[in-house]
Amino acid sequence: MAATIHLNHEKLAAYRRLAGIKTDKDLAQRLGMDPASISRVLNGTQAPGATFIASICDVFGKDLFPDLFDVVSDSEGEAA
């Protein structure tokens, strides 16, 4: 069964505030990623990829993965 990973934007915003990361450009710099890629993930036009997920876990801590990401089965929401 396939699944996708969704970013929890509210939780990320809360952790960014706690870490003093005010802008998306600051976040991109902390993650070591291109600001345009960060923007696409944050506005939902691109799914978070492995590099984004690993970088977020590196910056905020691996233990926060369950807070920051939701793993959603592709079959969720389908009629039985």
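Colleague: What pattern does the protein chain follow, read along the sequence?
Modeller: This is a predicted model, where local features need pLDDT of at least 70, side-chain atom pairs count only at pLDDT 80 or more, and totals for chains, interfaces and linings use all residues. Residues are numbered from 1 along each chain as its sequence is written, and side-chain values use heavy atoms, without hydrogens and water. Helices (H or I, at least four residues) and strands (E, at least two) are DSSP runs, numbered from the N terminus. The protein chain has five helices and two strands, in the order β-α-α-α-α-α-β.

Colleague: Is Ser55 buried or exposed?
Modeller: Ser55 sits in helix H4, residues 50-60. Buried means under 20% relative accessible area and exposed over 50%, with partly exposed in between (1.4 Å probe, protein chains only). Because Ser55 has a relative accessibility of 13%, the residue counts as buried.

Colleague: Which residues is Ser55 in contact with, leaving aside neighbours within four places in sequence?
Modeller: Contact means heavy atoms within 4.5 Å. With those neighbours set aside, the contacts of Ser55 are Leu31 and Met33.

Colleague: What share of the 80 residues of the protein chain count as buried?
Modeller: The C-alpha atoms fill a box of roughly 45 × 25 × 20 Å along the principal axes. Of the 80 residues in the protein chain, the buried share is 32%.
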